[in-house]
Amino acid sequence: MTTRVGIIGATGAVGQRLIQLIDPHPEFEVAALTASEDSAGSTYREAAKWRISTPIPERVADMEVGETSPEAIPDDVSLVFSSLPSSVGEAVEPAFCEAGYVVSSNSSNARTDEDVPLTIPEVNADHIDLLEVQRDRRGWDGALVKNPNCSTITMVPPLAALEEAFGLERVTVSTLQAVSGAGYSGVTSMEIIDNAIPHIGGEEAKMETESRKLLGTFDGAEVEWLDARVDASCNRIPTLDGHLENVWTDLAEEATPEAAAEAMRSYPTLGLHSSPGQLVHVFEEPDRPQPRLDRDRENGMAIAAGGLQATEGGLQFNCLAHNTLRGAAGASLLNGELLLENGYI
């Protein structure tokens, strides 16, 4: 028996990816779609300018798009996926939670709120139980869980492996982020072709805070953030999909590149439907990973790493993830599967 779900903010880049992933999903069935007031009342085919390489699912194409409010979601829907802009999510997501819906959100609002779980299921699945604190504190019948931003998701699983094996003291990261991370209209061709943009508004702060919350410990009442310094520099480059990141770490214990590679390779995955068979793929070749070659590993849900080198304080490496799959829609879907697995829906 499938769980009926809604998608709010369904016409954008992440909303379209969610539809692509959920349509064949054995546990979830799309039952409601919402978007802006301009799109409400149209069929999804009319409202969404479909940009995914696979065809738009016929059943979804003919569904009517509703306005983004709890009243647009049928009562038999228990889980709502949100891909709203953060300013809209901040305004409307609490209303869905108050109305009894569990919201798995990709929006950046509330990610660092102390009673909102920010989860990468393979890294900190136990943080999902922060929902008990959230419900007690806010009086919600529903709940709100967040996945981190796409650049944070790329580096945190390899960092989690290093933290578990050797201890993290400091992280410095420089990103080379694909244009799809800015949405369909986020970066014009005149800005990015033959160019690189050494600034992405708000991105550095997200990486520096979200990573420490994700790698923190949950004691049943609150999350104690990782006591390590994280510094980020974020850059937009003219690749379509796949965020590539250069990471430097200071470690509490000495680690050879070989030992670090083994820690990453052996870092456990989960048995959820969308979980990759191996979470972190580590390359021996010095020129890997590369976005065009490695972003689609394990249906776009794996992290690729390579270029491991010893430094004076620890270790340097490169990592890559598909930013709209592992970094956005797939992350939100995986959180939905975690919610279902743990009885929250």
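**Exercise 1.** In this predicted model, locate Thr324 and state where it lies relative to strand E14 and helix H13.

*Solution.* Strand E14 covers residues 314-321 and helix H13 covers residues 325-341. Thr324 sits in the loop between strand E14 and helix H13.

**Exercise 2.** Decide whether Thr324 is buried or exposed, and list its contacts beyond its neighbours within four places in sequence.

*Solution.* Step one: take the relative accessibility of Thr324, which is 8%. Step two: compare it with the cut-off, since buried means under 20%. Thr324 is therefore buried. Step three: with the neighbours within four places in sequence set aside, Thr324 touches Arg17, Ser180, Asp241, Ala329 and Gly330. Step four: look at Arg17, whose side chain makes a polar contact of 3.1 Å with the side chain of Thr324.

**Exercise 3.** Find how many aromatic pairs the whole structure holds, and classify the pair of Phe28 and Phe81.

*Solution.* Step one: the search of the whole structure gives three aromatic pairs. Step two: the ring centres of Phe28 and Phe81 are 5.9 Å apart, and their planes stand at 75°. Planes over 60 degrees apart count as edge-to-face, so Phe28 and Phe81 form an edge-to-face pair. Step three: Phe28 belongs to strand E2 (residues 28-35) and Phe81 to strand E4 (residues 79-82), so the pair ties together parts 53 residues apart in sequence. Step four: Phe28 is buried at 2% relative accessible area, and Phe81 is buried at 0%.

**Exercise 4.** Classify the aromatic pair of Tyr44 and Trp50.

*Solution.* The centres of Tyr44 and Trp50 are 6.4 Å apart, with 75° between the planes, and the pair is edge-to-face. Tyr44 has 0% relative accessibility and counts as buried.

How values were computed:
Residues are numbered from 1 along each chain as its sequence is written. This is a predicted model: local features need pLDDT of at least 70, side-chain atom pairs count only at pLDDT 80 or more; totals for chains, interfaces and linings use all residues. Side-chain values use heavy atoms; hydrogens and water are left out. Helices (H or I, at least four residues) and strands (E, at least two) are DSSP runs, numbered from the N terminus. Buried means under 20% relative accessible area, exposed over 50%, partly exposed in between (1.4 Å probe, protein chains only). A polar contact is a pair of N or O atoms within 3.5 Å; within protein, one must be able to donate a hydrogen and the other to accept it, and residues adjacent in sequence count only if both atoms are side-chain atoms. Contact means heavy atoms within 4.5 Å. Rings of Phe, Tyr and Trp (its six-membered ring) pair if their centres lie within 6.5 Å; planes under 30 degrees apart count as stacked, over 60 as edge-to-face and the rest as tilted.
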